Every structure is written in structure tokens, then in C-alpha cells.
Amino acid sequence: MITKPRIAAVVAVTTLLALAGCGSSSEGSEKQELTVFAAASLTDTFTELAEEFEKDHPGVKVTTSFGGSSDLVAQIEDGAPADVFASADTKNMDKLGDLATDPQDFASNTLEIATPPGNPAEIAGFQDLAKAGTKVVVCAAEVPCGSATAQMEDKTGVDIKPVSEEQSVSDVLAKVTSGDADAGLVYVTDVTAAGDTVTGVEFAESDEVVNTYPISALDGADDADLAQEFVDLVRSEAGQKVLSDAGFGQP
């Protein structure tokens, strides 16, 4: 015959086991986080790829941080937690040295002029950006799109006097869409992504300067294999289609 005290003890033990089981289930449901730093020009494509990665990896949350490549490099060097880095040029990736475990090229991009809708300043080509009275915004020299702009000036002999130099293509576009600039130099993909908020002006010399985009898992990533899997997705056929649809070229 089971006594009342013994029944109470069994119930207590059963309750504790149940609570312990609940605790384990809660901890197991916590998502693993993968942090991806990427150039601002990759915002739309990498947001889409991050969503695809999460679908294929239940329990993984991809956190993305977009900005000028030089700013992201500085953050990584200062110890910001990042597992993957995608740069808009090889120069900024190279700055990371051994922190970038195995950089691999995955895309390319060229410059295009963005103007407010309708192109009110009637910008027809790269030379027009040097016309007196034309308010032009470019990226700062340390940013990949700024470096590409400087190279384009050297090749064409056009000397642009910008009204401001920004830290990312996103900031350049913001100046254009707000009406603070007659034109801005960004990438082809940025003009495509901006849709009707800007008018794109192609110019013949754009193919003379091509930015190559590298990506790498980073030394010290919380899960090196998972970080490499994201890199592999970007370079896969599916990842390349997302990039191609956005206007990126082959590396």
C-alpha cells in the first residue's frame, strides 16, 4: 500500500522532471545567429539570400549589417561580432588580412549616374557631371564606389567638384532622391533597386572601371562551417541568379 507521503514525493519528483524538461525545450528552441556584414549595394540581394538561408537552416537567424565597405572593415577590426563579410571591392577585403579566411569573388558591378526622376538637370553623360553649377554627390575616396569614381575621372580626364562625399551608395542615393543633388554616382544595381525614385543615366565609359566583389567567412566566426555555407549559397547557382536579376555581373 502506497502511503500519502510517498505519493506526494512521487508527484513532487514528477513535477520537477516536467519543469526540467520544459527548460530544456526552451533552451533548445533558441535560434543560432549568423552575422553577415555586407556592402550597402548588396542590401536587397543579401536580404533575400538571408531569408533563403534561414528557410534551408531551421533554427538559424541571419542578422545582416549593411554599410560602406571601409566602415564595415573598421568595425570588424575593432572587434564587432561578424561571421561573414562581403566587400564591394578587393582592396577593403585585403585590409582584413588573416581575419578573412578565404576570400572568393562572387560578383562585379559598374557605375551609373542617378538623377532625380525626369533628370531635371539634363545630365547626358559623365562629362556633364563637371559642368558649372551642377550639384553632384559621390562616395568618399575610401569607399569602393568613391575609388571607382576617382578611377573614372582619371580615365576620362573629367574633374568632378562634388557638393558632398558620402560613406555609402545608400547615402548618395538619399541625397539624390531628396533633391539635394542634381546627380549622384552609384552602381548600376543601385539604380535598378531604386526604381522610380531615380532616373538612371548610363555612360559609355562605365565598362572601363569594374568593381569585383569578394566574400569570406571570418576568422573567429561562432560556427565556421555555417559561415562557409552562407558563402557557398552566395556563390551557388541560386545565389548567382539572385545577383544577376539585380543587375550584378559575373566576377
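User: Helices (H or I, at least four residues) and strands (E, at least two) are DSSP runs, numbered from the N terminus. With that settled, what residue takes a positive phi just after H3?

Analyst: Gly79, with a phi of about 100°. A caution before we go on: this is a predicted model, where local features need pLDDT of at least 70 and side-chain atom pairs count only at pLDDT 80 or more, while totals for chains, interfaces and linings use all residues. Residues are numbered from 1 along each chain as its sequence is written, and side-chain values use heavy atoms, with hydrogens and water left out.

User: Fine. How many helices and strands are in the chain?

Analyst: The protein chain has 9 helices and 10 strands.

User: And what share of the residues is buried?

Analyst: 45% of the 251 residues. Buried means under 20% relative accessible area, exposed means over 50%, and partly exposed is in between (1.4 Å probe, protein chains only).

User: How far is Glu33 from Val62?

Analyst: They are 29 residues apart in sequence and 5.8 Å apart in space, C-alpha to C-alpha.

User: Now H5. Where does Ala148 sit, and what does it touch?

Analyst: Ala148 is in H5. It is buried, with a relative accessible area of 1%. Not counting residues up to four places away in sequence, Ala148 touches Leu111, Val209 and Asn211.

User: What does Thr110 touch?

Analyst: Beyond four places in sequence, Thr110 touches Val186, Tyr187, Val188, Ser206, Asp207, Val209 and Val210.

User: New topic: helix packing. What numbers describe it?

Analyst: Two packed helices are described by the angle between their axes and the distance between the axes. Axes are lines fitted to C-alpha atoms, for helices over the stretch in contact, and angles run from 0 to 180 degrees between N-to-C directions.

User: OK, how do H8 and H9 pack?

Analyst: H8 (residues 224-235) and H9 (residues 237-245) pack at about 60°, with axes 4 Å apart. They are therefore oblique to each other. Angles under 35 degrees count as roughly parallel, over 145 as roughly antiparallel, 65 to 115 as roughly perpendicular and the rest as oblique.

User: Which residues meet there?

Analyst: Leu233, Val234 and Arg235 in H8 meet Glu237, Gly239, Gln240 and Leu243 in H9. By class, that contact has 3 nonpolar, 2 polar and 2 charged residues. Ala, Val, Leu, Ile, Met, Phe, Trp, Tyr, Cys and Pro count as nonpolar, Asp, Glu, Lys and Arg as charged, and the others, Gly among them, as polar.

User: At what angle do H2 and H8 cross?

Analyst: Roughly 125°, and the axes of H2 (residues 43-56) and H8 come within 11 Å. That makes H2 oblique to H8. Phe46, Leu49, Ala50 and Phe53 in H2 meet Leu226, Glu229, Phe230, Leu233 and Val234 in H8. This contact divides into 8 nonpolar, no polar and 1 charged.

User: And H2 with H9, what angle there?

Analyst: Their axes cross at roughly 150° and come within 9 Å. That makes H2 roughly antiparallel to H9. Thr45, Glu48 and Leu49 of H2 make the contact with Gly239, Val242 and Leu243 of H9. Its residues divide into 3 nonpolar, 2 polar and 1 charged.

Key:
Contact means heavy atoms within 4.5 Å.
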